[in-house]
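Please go through this protein with me, one question at a time.

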Amino acid sequence: MADIAKEENRQDIRIVIAGHVDHGKSTVIGRLLLDTGSLPEGKLAQIKEKCRRTARPFEYAFLLDALKDEQAQGVTIDSARCFFRTKNRNYILIDAPGHTEFIRNMVSGASRAEAAIVVLDAKEGVGENSRRHGLYLSLLGIRQVCVLVNKMDLVGYEECRFQEVSRHYTAFLRRIHINPMSIIPVSGFLGDNIVHHSENMRWYGGKTLLETMEAFKNEELPLDKPFRMPVQDVYKFTGDGDQRRIVAGTVASGRLSVGEEVVFYPSGKKSGIRSIEGFHTPKKDMVTAGYSTGFTLRDQIYVKRGELAVKTGEQPPCVGSRIRATLFWLGKKPVKEGDQYLLKTGTARTGARVEKILQIEDAGSLRFMAKDHIDRYEIAVCILALDREIAFDTAAAFPSTGRFVLVSAYDIAGGGIILEKLQETAPQKDLYLACGKVTFAERCRALGQKGTVLWFTGLSGAGKSTIAVELERELVNRGRFAYRLDGDNIRSGLNSDLGFSIPDRKENIRRIAEVAKLFCDSGTIVLVSFITPLRRMRAQARSIIGEAGFIEIYVKASLETCIERDTKGLYAKAIKGEVKNFTGISSPYEEPDCPTLVLDTEKNSVEDCVQSILDYLKL
């Protein structure tokens with residue numbers, strides 16, 4: 001009985017294995033299965049005998065590659081799942097193919113994982129696909145990452161080579177907000193540091209792969225978040241006098257009890273929960289995240305598939321038909337503005353048009369590029385206009401209801417995360433034409449530049465104004481018409497009546513955004529340098545100015561660094577309580593979700609930061 005109880009309490013964990021083609025992912029998994037005693041009896045001998053008969057060298061990858069065409073090509077074609085267990089938990093390993101042709105499978109596999117192992121070739125080092133896989137893992141929110149520097153036997157187990165590859169990839173991962181739990185030198189083929197510590201690399205004193213996997217934590221279900229359940233279907237029973245109408249779906253977050261009231265979005269219809277239903281299960285009074293369930297309603301209202309059930313009184317979802325999103329594109333044809341697709345999020349389905357491509361991120365340099373189309377495997381920030389209003393959340397708030405896929409010709413062509421809801425906007429420039437006034441385009445053409453707002457955000461002391469001052473000087477020296485807005489010329493005049501409370505800060509940003517919009521409409525390059533601590537404040541500014549003219553620049557520096565700089569002594573006063581509502585001390589600062597540019601002033605000089613902006617603007 002004790003063994004049965006232990007079996008029931010053992011948790012499952014899903015781990016994706018990613019890496020470039022031929023870097024040895026399948027070999028690592030095969031060796032892991034062998035050294036943990038997880039292979040079926042006789043499996044190893046069977047594969048070795050097959051290799052002998054076909055005069056092929058034995059590879060541990062053949063333990064996974066069951067399909068003949070996969071073995072013939074020597075590459076894993078589809079996401080293979082394998083299972084093994086330790087005394088602590090059950091492991092589900094997702095072998096994500098590394099060849100660029102199969103990245104779609106890697107994304108679909110990784111999207112269900114709680115942790116990731118990235119395999120690098122010690123000889124080849126960090127390639128473009130290795131960086132791309134890391135970027136995809138970051139976008140999908142996977143933060144538990146272990147890096148294996150594989151094939152150490154092919155470089156003579158040299159510690160210096162391991163350190164070189166390790167430094168290179170770690171620096172890249174940290175730029176995309178991933179701090180790897182372990183970086184391990186291994187040989188998948190020989191089993192070095194997979195399950196047992198290697199005698200060939202005594203210079204390495206860290207964990208083995210298995211020890212690192214045992215240290216991974218299971219993702220906690222979002223039980224304490226507001227209730228969300230995408231409506232999968234509504235079932236009506238008629239037999240034997242059964243008149244129930246059951247609203248069915250899988251609970252994405254939170255919990256729901258009998259007697260509570262729910263609202264369905266986007267319709268806004270409300271009703272109370274009469275009963276919670278299940279198929280051949282005992283009656284329940286409550287259901288929680290992760291469970292497929294159904295419930296009957298007190299009032300017989302008409303709801304349909306695609307609506308989102310939310311508890312009355314809890315945070316409502318966004319409802320709209322225009323979104324800003326990060327999109328990773330997997331389709332064969334490039335995406336162009338105006339292209340139409342089918343968007344799926346939760347159980348909702350609607351047509352979607354690519355209204356605007358805002359920026360495209362290069363996986364290698366992490367720099368943003370200005371292009372009029374999105375090529376295959378590129379990651380872009382764009383605006384999508386939907387055919388109808390749907391209910392959704394931002395990925396930052398609710399990952400499960402903030403993701404979507406785009407479908408083209410019945411095939412998944414791309415996936416992404418929702419960054420924010422956008423308001424419907426009237427084409428103001430057309431209004432100028434209608435009344436015969438000078439247009440935005442005409443003013444930009446006369447000045448030889450495009451009116452743009454560069455919105456610098458970051459903690460006090462991060463370097464916003466310093467960079468903005470030098471950038472303004474450089475732009476003017478290059479013959480560009482630029483103007484800087486900051487505390488010196490706004491707080492002392494236009495906004496002298498405002499303090500530093502959250503409501504006053506919000507009004508401060510609203511006025512600044514309206515002024516910046518006017519400057520931008522005149523064709524000026526506007527440099528706005530304000531802390532703008534909250535995401536909703538920056539979203540408000542973006543909404544006022546408009547997507548096309550708004551460039552968000554995050555000037556990044558840790559609070560500790562800013563306190564050390566403290567040239568005006570404000571942090572010292574704030575820590576003593578002499579300055580109230582000071583950002584970072586007694587008032588919050590929320591880092592941007594997806595800024596156009598990130599300028600790390602702890603690592604880069606002012607000149608380097610200015611050049612990064614000029615490079616982005618192509619000036």
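**Burial, contacts and open space**

Asp-35 is found in helix H2, where helices (H or I, at least four residues) and strands (E, at least two) are DSSP runs numbered from the N terminus. This is a predicted model, in which local features need pLDDT of at least 70 and side-chain atom pairs count only at pLDDT 80 or more, while totals for chains, interfaces and linings use all residues. Residues are numbered from 1 along each chain as its sequence is written, and side-chain values use heavy atoms, with hydrogens and water left out.

Student: Is Asp-35 buried, partly exposed or exposed?
Tutor: Buried means under 20% relative accessible area, exposed means over 50%, and partly exposed lies in between (1.4 Å probe, protein chains only). Asp-35 has a relative accessible area of 21%, so Asp-35 is partly exposed.

Student: Which residues does Asp-35 contact, leaving aside its neighbours within four places in sequence?
Tutor: Contact means heavy atoms within 4.5 Å. The C-alpha atoms of Asp-35 and Leu-210 are 10.0 Å apart in space, although the two residues are 175 apart in sequence. With the neighbours within four places set aside, Asp-35 is in contact with Gly-191, Val-195 and His-196.

Student: How many of the 11 residues of helix H2 are buried?
Tutor: The buried residues of H2 are Lys-25, Ser-26, Thr-27, Val-28, Ile-29, Gly-30, Arg-31, Leu-32 and Leu-33. Helix H2 covers residues 25-35 and is largely enclosed by the rest of the structure, because the buried residues number 9 of the 11.

Student: Which residue just after H2 takes a positive phi?
Tutor: The phi in question is about 65°. The residue that takes this value just after H2 is Gly-37.

Student: Is Thr-86 buried or exposed?
Tutor: Thr-86 is found in the loop between strand S2 (80-85) and strand S3 (89-95). Apart from residues up to four places away in sequence, Thr-86 touches Arg-10, Tyr-91, Leu-210 and Glu-214, and its C-alpha atom is separated by 9.3 Å from that of Arg-10, which is 76 residues away along the chain. The relative accessibility of Thr-86 is 15%, so Thr-86 counts as buried.

Student: What percentage of the residues in the chain is buried?
Tutor: The chain contains 17 helices and 28 strands, and residues 24 or more positions apart account for 72% of its contacts with a separation of 6 or more. Of the 619 residues in the chain, the buried share is 51%.

Student: Why is the pair of Tyr-483 and Phe-519 stacked?
Tutor: The structure holds 8 aromatic pairs; rings of Phe, Tyr and Trp (its six-membered ring) pair if their centres lie within 6.5 Å, and planes under 30 degrees apart count as stacked, over 60 as edge-to-face and the rest as tilted. Tyr-483 in strand S25 (residues 482-486) and Phe-519 in helix H13 (residues 502-521) are 36 residues apart, and their pair links distant parts of the chain. Their ring centres are 5.2 Å apart, and the pair is stacked because the planes lie at 10°.

Student: Which ring does the charged end of Lys-284 sit over?
Tutor: A charge sits over a ring if NZ of Lys or CZ of Arg is within 6 Å of the ring centre and within 35 degrees of the ring normal. The charged end of Lys-225 sits over the ring of Phe-398, 5.0 Å from its centre. The charged end of Lys-284 is 4.7 Å from the centre of the ring it sits over, that of Tyr-291.

Student: Which helix supplies the largest share of the lining of the second largest pocket?
Tutor: A pocket is an open set of points on a 1 Å grid over the protein atoms alone, where a 1.4 Å probe fits, with protein on both sides within 12 Å along at least five of seven lines, and lining residues have an atom within 4 Å of a point. The second largest pocket has a volume of about 1,100 Å³, and of the 40 residues that line this pocket, the closest to its centre are Ser-460, Gly-461, Lys-464, Ile-531 and Lys-568. Several elements each supply at least two lining residues, including helix H11 (464-477), S25 and H13. The largest share, 5 residues, comes from H11.

How values were computed:
Points joined across faces, edges and corners; volume = space filled by probe spheres on them.
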